Amino acid sequence: MKLNELTIKEAREGLKSKKFSSVELTKACLEQIKKHNKDLNAFITVTEKEALDQAKSADELISSGQDLPLLGIPIALKDLFSTKGIKTTAGSKVLENYVPQYDATVVKKIKDAGAVIVGKTNLDAWAHGSSGENSDFGPTKNPWNKEYVPGGSSSGSAVSVASDMCLAATGTDTGGSIRLPASFNNVVGLKPTYGKVSRYGIIAMASSLDSIGHFTKTVEDSEIMLSVTGGKDIMDATTLEKKHEVKPLKKMKIGIVAQYSFMGIDKNLKTLLDNADKQLKKLGANTEYISLPNTQYATACYYIIQPSEVSSNLARYDGIRYGSARQNFGDEAKRRIMLGTYTLSAGYYDAYYKKAMQVRTLIKQDFNYAFKKVDAIITPVSPTPPWKLGEKINDPLKMYLSDIFTVTANLAGIPGLSVPIGFSNGLPVGMQILGPQFSEARLFQIGYAYEQATQWYKQKPKL
Amino acid sequence: MKNDKYIPVIGLEVHVELKTKSKMFCSCKAEYFGEKPNTNTCPVCLGLPGALPVPNQKAIEWCVMIGLSLGCKIPLFSKFDRKNYFYPDLPKGYQISQYDEPFAINGSLKLKIKNDPFDKTQAFGSEAQARRGHPEQSRTDEKLKIDEEKIIRIRRVHMEEDTAKLIHQGQDSLIDFNRSGVPLVEIVTQPDFESAQEVVEYLKKLQQIVRYLGVSDADMEKGNMRLEPNISLRINDKELIGKLPNYKVEVKNINSFRFVEKAIEYEIKRQEEILNNGETPAQETMGWNEKKGQTVSQRIKEEANDYRYFPEPDIPPIRFTQDQISKIKSQIGELPEEKLKRFQAGFGLSAYDAEILTREKPMANFFEETIIVGKKHNVNPKQIANFLINRDIDINLTLPAQLIQIILNATQTDQIDEKELEKIIDKVLKENPKAVSDYKSGKQNAIMFLMGQVMKNFKEKIDAEKVRILIMEGLR
């Protein structure tokens, strides 16, 4: 097995027992990037020199007996995470030459945990998109079939992990931007509880929805990453520290959303979901139908709240600072700025934004009610497997609808873990496990049991 | 200034910068006066991508404190909102402010208005007069004025962040972000003022209160306090009481009480002329041009600006408990109004003296400390007040005990029998013609002899310097 194909857990063991060095591991990742990034376009910036320096320091620390959770582990960062001295573009020409003067809290935490940063990954500009095609630096390709989209907006991060260019990568999930590309790439994606991971230093898309998570090869690795990134941050007033109780899977009830049966789920995908359901039952969990009656309004509600906040968050790129003028915004950003400006305007605010916030409360209540009956909920991540590049790019509404199953978790602020459940015509798909706020440990528990039983993560794309 | 035909309708927005150590949403130093530009900045107050605001608890407490001092209600739930607009001094493209749930609402401030008793317009009823209390002190002979009370209703007190500072140099506009994010409290009144004098009186009171609270220096020159009156005129008609005119002229960012007075008076005159021509003044925003002595139009508003307010998602809503509010209230201490009453009742001071001594807290404190020392020497508060007010004592250079000593020395000489002393001096001068002629012919020492004679004959202890001066006067 090549070093870059290892999981975090395996690599940590290998590094500790001196089977290989962090420099060797890092070089293996950089080698893979060099080989395949041209085709896949997963990275906007590769930080080879910095990575090798960090790997060297990590090796020294390992030699001196230091033990840190990510010591010597090559990790990629979505290019929305501010990195001191390394340009951070948000996938947009507007920030093409922007070099932050500070590290995001999560970046700092990952560095402090000993990680090696290999580069900044491609994304839909400003994290606006579900396919990865909306990047001003070209679309990212799906490593399982380069004619297909990898899912977005954290497209490069998902692809970098799936194609073994790094061992883990960070992402952001505002309406599905981690879970969707995770499912399209056969990797594990975590969207944590809103407030679990600091947003400080991560370029904001829609502040009340943005969740900071990551992509890993396994559920165990996802847990390791969260143990590093999570926790209260004095720089983010919306972060919280909370614990949730854990109980054995055999005593768990898992909900299946009744309404989703009618929401046009792809046939192959439906079969794979049924298999997953059976598998969970086999593992001892009870599954039952639950109702999320307001879920049908989720996309409409999301596409009012999200653009409203986007319109405000993008106002600072006014052409006075950061070098690039406003005409460099792409169509999707302009569309959201206009939508959001409209829905916040006097005379429309009550009918749109305020109403959407009320619906949001109802959606939260749906989940609160559901979680009184069940411990977790499983749903598809997207209604279809990956689609072809270009298929939806000219139809924003169609594109928006690929998020119908994911936006609810952002509106409710609950965590969601996307795990692989197999392949449809050679393309990966996943399911998401949703739980109450701060129930990540429970999601890992369910995800881990399922993953160990199915081992989908062992499948690798042929590059 | 009142007018027969029209009654001015004036409301006021006052911005007060708080003197907290750090800024409103980051840990940068809040003091910017005299600092090198752009030295107290960080990603948060520069509005860099990804930076997030974390509210300054002290600033919020102080805002609530100001609200409580103005008799406001403090809602238990409050939140911050984004006010979206473009301006180069606003790096995020929005200002974090408060829209529909401010920290404090529905307060009031009582003014004492010194009115001209011969002003005819006082006979007219008005909305404001209806709210006026009974004259507390109807007539003082020296001033021939009537002091009246008037209540100015305060609509809201809210918290926001200051913007950066634009400095225009020739063709260039430079931005200093040291001021960006400094805590700013905005105090908004109802349109209850009817004259520039009332506005100035209110401003003085407000300035005094925030200084008493110790939450702001409220230094006009440093821009700690900025004033924005909105002015319109309504026809003086009972039917129209409480109805607002259909236009409003705002004068922005005035930084002196004198200018605010001038600007209001100028506007009243200007609008009166327009109204007399049968037209309606335009709804606009003006600036005060001191050189020209007039208000200058900045922009004409067709309708209200659309700031697209929405709840600030980066800051969770603020929930107070009654206990927390009581705790803040307990930190307020004595306010000028209470102190004034106590000084009058407790120390037997006149309203005039008490007002001077309570104008600034350090003076009031000095006065009270001196009273304690004075008790041991039988010096009463009234004497201390007289000295402090009439003798121009610099309280920064004088200790309370020193002031008592000064008073004691002065009163001792004051208490001597002046007539007896005069007699003795006359007698000594007559009985010692040689010494007198010696002195007159230039022998300065001769006066020492005469002084000795006077002090020997005068039985009470007396200040030698005083004797010397009196002898010299007698020799003229």
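Two strands are taken to pair if DSSP finds at least two bridges between them, and helices (H or I, at least four residues) and strands (E, at least two) are DSSP runs numbered from the N terminus. This is a predicted model, in which local features need pLDDT of at least 70, side-chain atom pairs count only at pLDDT 80 or more, and totals for chains, interfaces and linings use all residues. Residues are numbered from 1 along each chain as its sequence is written, chains are lettered from A and ligands numbered from 1 in the order in which they are written, and side-chain values use heavy atoms, with hydrogens and water left out.

**Hairpin in chain B**

- Strand β7 (residues 165–169) of chain B runs antiparallel to strand β8 (residues 172–176) of chain B, and five bridges join them.
- Two residues separate β7(B) and β8(B) in this hairpin, and G170(B) in the turn has a positive phi of about 55 degrees.
- L166(B) has I175(B) in β8(B) as its bridge partner.

**Sheet in chain A**

- An open sheet with mixed pairing contains 11 strands of chain A, in the order β1-β3-β2-β4-β6-β5-β10-β11-β9-β7-β8.
- At its edges are β1 (43–46) and β8 (286–290) of chain A, each of which pairs on one side only.
- Strands β10 (residues 416–424) and β11 (residues 427–434) of chain A pair in the antiparallel sense over eight bridges, with S424(A) standing opposite L427(A) in β11(A).

**Sheet in chain B and a helix from chain A**

- An open sheet of three strands in chain B has the order β4-β3-β14, and its pairing is antiparallel.
- Its edge strands are β4 (94–97) and β14 (310–311) of chain B, each pairing on one side only.
- Helix α9 (residues 298–313) of chain A lies across β3, β4 and β14 of chain B and runs at about 60 degrees to β3(B), where axes are lines fitted to C-alpha atoms, for helices over the stretch in contact (heavy atoms within 4.5 Å), and angles run from 0 to 180 degrees between N-to-C directions.

**Salt bridges**

- E198(B) and K150(B) meet in a salt bridge (2.6 Å, N to O), which links helix α4 of chain B with strand β6 (residues 146–161) of chain B, 48 residues apart.
- Both E198(B) and K150(B) are buried, where buried means under 20% relative accessible area, exposed over 50% and partly exposed in between (1.4 Å probe, protein chains only).
- R179(B) forms a salt bridge with D162(B), their closest N and O atoms being 3.5 Å apart, and both R179(B) and D162(B) are buried.

Definitions and conventions
Salt bridge = Lys/Arg side-chain N within 4 Å of Asp/Glu carboxyl O.
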